[in-house]
Amino acid sequence: MNEGLGIRLDVQMFGGLAISYEGRNVSVGKNKGAKYIQLLELVWLAGENGITKEQLINTLYEREEQSNLNNSFNNLIYQMHKQLKSSTLPDYEYIVNKDGIFYVDENVEVVTDAGSFEAAVRNARLCGDTTEGILFYKQAVELYKAELLPELSTQEWVIIKSVQLQKMYAECVVALGNYYEKKKDYNAMYRVYKKAAQLYPDDEWQVGEINALIGMESYDEAYAIYDETVRYYTDELGITPSSDLMECYEKMSRQITNTPGKILKIRDDIIERRDSAKTDAGRAYDCSYPSFIDAYHILSRNMERSGQSVYMMLLTLVDYEGKQITNQTKLETKAKLLQKAIAQTLRQGDTYCKYSASQFLLLLAGTNKESCKIVYRRVLNKYKVLAGPRAEIEYSVVSLAELPQSLSEAK
């Protein structure tokens, strides 16, 4: 074994394990999920504090029942050293046991992206709200490229560590986003939030992304991201847009209203939208929830002038016993079929949107309460044709004329 010479390993953990020595990639085994590799990763992530033998055994053999875990662990250490010797790395211990605590071999400097990320965040916290603190947050964001060790994403220790790192990353994004917004550096703000939204689309980082685009007066792009986000939340996650997203919509609407536009550009936008909707000609208008709210307000005003009645209907997916559908795969399939049934049943002047994973909202113009029952039966019959005779939906209706009163009573 070499002593005193010292080597450096650069270890990537964000996005998958990759080990680099002297500028070249090194493999320590084909199976990245092997326990001896997890052993190395655990010690590397522990850094200078080390990790106890007991912690390693509990983590690596948590779900396994073995009569002698101590022997199994010793065999694992042997296997790790054997694999390292068969690699192209120099002959060192790599990890050492000191009084029951495992550390990185003092002759081996291991630099991990995850460790550097954590160090940058800690330094940023120490610096506080200063230019130096922002530089550390920038460094941390640049290091955080993907999820930690995705090849081990089902391992409990990786899940726990990933959640911890994700929270730290969120701290960095908020700090940088606020800093750039105050500086009115909307390009930098946009880049920070865009990366976060790509990594974690379920965490509403799109709100910051949209606000940055509004700051740059890129309203078309802001609305495109907004519309895509709302549809993702409604169709994929089955939830309604948050108040923050709705606030983005209101902000965009105000800005677009106050921004003079060229008539030819407006004409081109209308033609583009009309052409994209040609495939749905003759059918009801399928829109996002915020657009549905706009349609509601427009029809409410027209109703006051023309006297035309408008009803809003809520359709809810249930099983054949009238109970909530809990199987998410089944619910997703049923929702697509119900959406198809609605599209094929409603008239061209009607509007509908997906409200949640199991619900759709319909605006029915020029109708009455009895006609709503007929619409419901038609949708239900079409849905049964598509989904089978045991498919069921529940419905409730309210007149737009009665809705303000109903809302005030609810308060």
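In what order do the 5 strands of the open sheet lie? The order is β8-β10-β11-β9-β12, and the pairing is mixed. Two strands are taken to pair if DSSP finds at least two bridges between them. The model is predicted: local features need pLDDT of at least 70, side-chain atom pairs count only at pLDDT 80 or more, and totals for chains, interfaces and linings use all residues. Residues are numbered from 1 along each chain as its sequence is written, and side-chain values use heavy atoms, with hydrogens and water left out.

The protein holds 15 helices and 12 strands. These elements are DSSP runs, numbered from the N terminus: helices are H or I of at least four residues, strands are E of at least two. Of the 411 residues, 42% count as buried. Buried means under 20% relative accessible area, exposed means over 50%, and partly exposed lies in between (1.4 Å probe, protein chains only). Contacts were also sorted by sequence separation. Among those between residues at least 6 apart in sequence, 67% join residues at least 24 apart. A contact requires heavy atoms within 4.5 Å.

Strand β10 has neighbours in β8 and β11. β8 and β10 run parallel and are joined by 2 bridges. D286 stands opposite Y352 of β10. Strands β10 (residues 351-356) and β11 (residues 359-365) pair in the antiparallel sense over 5 bridges. A hairpin of 2 residues connects β10 to β11. T351 faces L363 of β11 across this pairing. K354 has F360 of β11 as its bridge partner. Of the 6 residues of β10, 5 are buried, so the strand is mostly covered.

Cysteines were checked next. A disulfide is a covalent bond between the sulfur atoms of two cysteines. The criterion was a pair of cysteine sulfur atoms within 2.5 Å. A search of the whole structure finds 0 disulfides. C353 is in none, and its nearest cysteine sulfur, that of C287, is 5.4 Å away. C353 counts as buried because its relative accessibility is 0%. C372 is also buried, with a relative accessible area of 0%.

Buried residues of α5 are G133, I134, F136, Y137, A140 and V141. They lie on the same side of α5 because they cover an arc of only 160° around the axis. The arc is that of the directions from the helix axis to the C-beta atoms. T131, L135 and E142 are exposed on the other side of α5. The cover over the buried residues includes α4 (113-127), α6 (156-183) and α7 (186-199).

A loop glycine gives a contrasting case. G23 sits in the loop between β2 (18-21) and β3 (24-26). G23 is exposed because its relative accessible area is 75%. G23 and L9 are 14 residues apart in sequence and 9.4 Å apart in space, C-alpha to C-alpha.
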